[in-house]
Structures are given as C-alpha cells and as structure tokens.
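Please keep the sequence and the model in view while reading.

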Amino acid sequence: MIAIDTNLLIYAHRAAVPEHNAAKNAISKACNSRGGCGVATSCIAEFFSIVTHSTATGNPSTPNQAAQFITMLEEDGGLIIFNQGPRFSSRLLQTAIDLQISGVRIFDLQIALCALDNGATELWTHDHAFVKVPGLKIINPL
C-alpha cells in the first residue's frame, strides 16, 4: 500500500501550481496500484489548514471545496483514510527518541508511523527531507 503525503494532495488540488498535473497523475497511479493508497488523518487536517488559509497562494479554497476534494478521492479514487491506533502517542514519542527526531520533523514521523500501522510500505512525497523510518520506503513520484 502507498501512503500519500500532504504536499501531493495540495498540488493535486491547486490547479495553478506547476506540480498540479504530476501530483494528480501520481495520486491516480497510487490509488490504482495493486495495494491501493491511503492518507493519514493528520495529512487531511494539514491539507485543509493550508488550502483554506486566508494567505494561501492564489485564492484560498472554501472549506466545502477542500472537503469535496478529499471526499472525491475517497469515493472515486478509493483513497483510504489512515487512523492512529491505540497507544500511538507513546510509540510516536519513543520512536522520536530512538531516531533522534526533533522539532517539526515529529509531524513527518507521525505521518510515517500512521502509514506503517495501516499497512503502507511506501510513502509518496515531494519533500526531499522527509524523515526516514525503517520499513517505509520514501518515494518522490514527481
């Protein structure tokens, strides 16, 4: 299974960005892959926060537009939503200690662990510095 990072969602949603078509194609390819694809709930929250923010590049999306985009990916694309399981926070903190993760990289770790917990073996992102977690291959599909 393939996990999708927030930046690909944003690019696929924002038609004016140069990465738009490549991100749309990557998400479509991931959703149609043999194992399917999913996204962590934290990515959905981050996506919503960015695309609806009043200072978003171009016109911000309305909350309805942002929600419709995610719903369309779920209903038409088969996107699975990854939730955090029991004791996730203690595992997150212990893994951060083990991997010496600090600062904002904790958010990448949260996404990566949630993806692993939900069966992902790959995480597709355009973030060249995404945190490396054993068992999860990081791929830049753009």
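Helices, of at least four residues, and strands, of at least two, are DSSP runs, numbered from the N terminus. The model is a predicted one.

The account of the helices may begin with H1. Helix H1 comprises residues 6–13 and helix H2 comprises residues 20–31; their axes come within 7 Å and cross at roughly 120°. Because angles of 65 to 115 degrees count as roughly perpendicular and those over 145 as roughly antiparallel, an angle of this kind falls in the remaining class, and H1 is therefore oblique to H2. The handedness of the crossing of H1 and H2 is left-handed. On the H1 side, the contact is made by Leu-8, Leu-9, Tyr-11, Ala-12 and His-13, and H2 contributes His-20, Ala-23, Lys-24 and Ile-27. Sorted by class, the residues of this contact between H1 and H2 are 6 nonpolar, 2 polar and 1 charged.

H1 also packs against helix H3, which spans residues 41–51; here the angle is about 40° and the axes are 9 Å apart. This arrangement again makes H1 oblique, in this case to H3. H1 passes H3 in a right-handed crossing. The residues of H1 that make the contact are Thr-6, Leu-9, Ile-10 and His-13, and those of H3 are Cys-43, Glu-46, Phe-47, Ile-50 and Val-51. By class, the contact of H1 with H3 holds 6 nonpolar, 2 polar and 1 charged residues. Leu-9 and His-13 of H1 belong to the contact with H2 and also to the contact with H3.

The crossing in which H3 passes H4 is right-handed. Ile-44, Phe-47, Phe-48 and Val-51 of H3 meet Pro-63, Ala-66, Phe-69 and Ile-70 of H4. What classes of residue make up this contact? The contact of H3 with H4 has 8 nonpolar residues, no polar and no charged ones. Phe-47 and Val-51 of H3 take part here and in the contact with H1 as well.

Asn-7 has its place in helix H1. Is Asn-7 buried or exposed? Asn-7 counts as buried, because its relative accessibility is 14%, and the limit for a buried residue is under 20%. Leaving aside residues up to four places away in sequence, Asn-7 touches Thr-125, His-126 and Asp-127. Asn-7 and His-126 are 119 residues apart along the chain, while their C-alpha atoms are separated by 6.5 Å.

Thr-57 and Ile-97 are 40 residues apart in sequence, and their C-alpha atoms are 36 Å apart in space.

The cysteines come next. The structure holds 0 disulfides. Cys-114 is in no disulfide, and the nearest cysteine sulfur, that of Cys-43, lies 8.2 Å away. Cys-114 counts as buried because its relative accessibility is 1%. Cys-31 is likewise buried, at 12% relative accessibility.

Finally, the backbone deserves attention. Most residues other than glycine have a negative phi. Arg-87, which is not a glycine, has a positive phi near 60°. Arg-87 is found in the loop between strand E3 (80–82) and helix H5 (88–99). With 73% relative accessibility, Arg-87 counts as exposed. Gln-100 also has a positive phi, of about 55°, although it is not a glycine. The position of Gln-100 is in the loop between H5 and helix H6 (105–117). Gln-100 counts as exposed, because its relative accessibility is 70% and the threshold for exposure is over 50%.

How values were computed
Residues numbered from 1 in each chain as written. Predicted model: local features only at pLDDT ≥ 70, side-chain atom pairs only at ≥ 80, totals over all residues. Heavy atoms only, no water. Disulfide = S-S within 2.5 Å. Buried < 20%, exposed > 50% of the residue type's maximum accessible area, 1.4 Å probe, protein only. Axes fitted to C-alpha atoms, helices over the stretch in contact; angles between N-to-C directions. Parallel < 35°, antiparallel > 145°, perpendicular 65-115°, else oblique. Left-handed = near helix turned anticlockwise from the far one by under 90°. Contact = heavy atoms within 4.5 Å. Nonpolar A, V, L, I, M, F, W, Y, C, P; charged D, E, K, R; others polar.
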